[in-house]
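Morning, everyone. I have one structure to walk through today, so please look at the screen while I talk.

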Amino acid sequence: MNDTVDKLVVFLAKRDGIDKLVKTFQYVSKLVNWHVEATNPDIAQRFKQWEVASGLSRKAFRTGRFLTGFNALRRNPGSSPTFKFLAVLANAGEMVYFFFDHILWLSRIGTLDAKLARRMSFVSAFGESFGYIFFIISDFIALKDGIQAQRKLVGSLEGGKSNNSNNKDVSESIRKIKVDRVMRLMAVAANIADLIIALADIEPNPFCNHAVTLGISGLVSAWAGWYRNWPS
């Protein structure tokens with residue numbers, strides 16, 4: 001039976017779609033700003049303002065999202081000790097990310113001291129990147145397990161080990177594995193892209209902090225999220 005936390009998490013998750021849309025606005029405007037900055041400063045400034053407004057809006061949309069990781073650990077930490085261990089590390093990082101992201105948002109809109117912004121940005125990005133690393137590892141392990149399971153199922157079909165009544169069940173299992181693989185690949189793509197963005201905050205460098213790198217990474221993450229959240 002769902003309790004209050006379950007219901008709250010479901011309510012908050014309904015904003016994922018609008019978050020991906022606004023994220024697309026944010027990183028398209030970043031790329032446009034970079035492209036026209038030298039030739040048309042006025043237009044560039046307008047797109048810069050759109051980028052900043054989109055980023056702040058997304059932070060507001062994510063209020064309370066740190067509870068998602070907490071609920072995931074509480075309700076379904078993993079199917080094996082390995083996945084449970086990875087889930088604890090991944091969700092702990094994500095909870096740190098979202099919690100300090102709230103403080104970062106409040107400091108950037110002037111509710112809290114603006115001097116907190118740089119420190120909160122670092123802590124939030126560190127938690128984010130920490131979590132993404134373990135989400136990626138978990139997905140790669142699941143992908144490997146899925147490939148092995150699919151091979152066994154295909155082998156049972158080709159070897160005639162399944163009777164006709166079970167062939168449909170085996171084919172359906174293979175289809176589900178393939179769907180899960182695509183979703184996990186989308187998750188890996190999004191997490192790697194977001195990891196690059198987080199690294200730009202943690203350890204600024206010419207590659208990660210370049211507008212094109214950030215823009216493309218943001219769009220990869222947003223569009224992978226679109227694919228995963230689009231109603232079937």
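First, a definition. When I say "helix" with a number, I mean a DSSP run of at least four residues, numbered from the N terminus. K30, for example, lies in helix 2. One caution before we go on: this is a predicted model.

Now the whole chain. How many helices and strands are there? Eight helices and zero strands. Read along the sequence, the pattern is α-α-α-α-α-α-α-α. Along its principal axes, the C-alpha trace spans about 70 × 45 × 30 Å. The chain has 232 residues, and 37% of them count as buried. Look at contacts with a separation of 6 or more: 74% of those in the chain join residues 24 or more positions apart. As for the surface, the chain exposes about 13,600 Å². Carbon and sulfur atoms supply 64% of that.

On to helix 3, residues 41–61. It has 21 residues. At 1.5 Å a residue it should span 30 Å, and its end C-alpha atoms are 30 Å apart, so the two agree.

Which residues of helix 3 are buried? They are A44, E51, S54, G55, R58 and K59. These cover an arc of only 135 degrees around the axis, which means they sit on the same side of helix 3. What covers them? The cover includes helix 2, residues 16–36, and helix 5, residues 81–108.

The structure holds seven aromatic pairs. One of them is F47 with W50. A pair of aromatic rings is described by the distance of the centres and the angle of the planes.

F47 and W50 are three residues apart in helix 3, so about one helical turn separates them. An α-helix has 3.6 residues a turn, so residues three or four places apart point the same way.

Are these two buried, exposed or partly exposed? F47 has a relative accessible area of 24%, so it is partly exposed. W50 is at 36%, and it also counts as partly exposed. The cut-offs for that class are 20% and 50%.

What does K30 contact, leaving aside neighbours within four places in sequence? E51, A211, L214 and G215. Note E51: that is one of the buried residues of helix 3.

Follow K30 to L214. L214 is found in helix 8, residues 211–229. With a relative accessible area of 11%, L214 is buried. Not counting residues up to four places away, L214 touches Y27, K30, I197, A200, C208 and N209. One distance here: L214 and G225 are eleven residues apart in sequence, and their C-alpha atoms are 16 Å apart in space.

Next, helix 7, residues 164–202, where V188 lies. V188 is at 6% relative accessibility, so it counts as buried. Beyond four places in sequence, V188 touches D139 and F140. V188 and S221 are 33 residues apart in sequence, yet 9.3 Å apart in space, C-alpha to C-alpha.

Then helix 6, residues 116–158, which holds Q150. Q150 has a relative accessible area of 15%, so it is buried. Leaving out residues up to four places away, Q150 touches I174, I177, K178 and R181.

Now helix 5. It has 28 residues and reaches 40 Å from first C-alpha to last, close to the 40 Å expected. After helix 5 comes G110, with a positive phi near 95 degrees.

Last, the record. Where does UniProt place the feature "transmembrane region"? At residues 83–100 and 120–143, in an unreviewed entry. What does the model show there? Residues 83–100 are 100% helix and 0% strand, with end C-alpha atoms 26 Å apart. Residues 120–143 are also 100% helix and 0% strand, and their end C-alpha atoms are 34 Å apart.

How values were computed:
Residues numbered from 1 in each chain as written. Predicted model: local features only at pLDDT ≥ 70, side-chain atom pairs only at ≥ 80, totals over all residues. Heavy atoms only, no water. Helix = DSSP H or I, 4+ residues; strand = E, 2+ residues; numbered from the N terminus. Expected span 1.5 Å × (residues − 1). Buried < 20%, exposed > 50% of the residue type's maximum accessible area, 1.4 Å probe, protein only. Arc of directions from axis to C-beta. Contact = heavy atoms within 4.5 Å. Phe/Tyr/Trp six-rings, centres within 6.5 Å; stacked < 30°, edge-to-face > 60°. Areas by Shrake-Rupley, 256 points an atom, 1.4 Å probe, with all protein chains shown as cover. UniProt positions renumbered as here; feature names shortened; annotations may be inferred.
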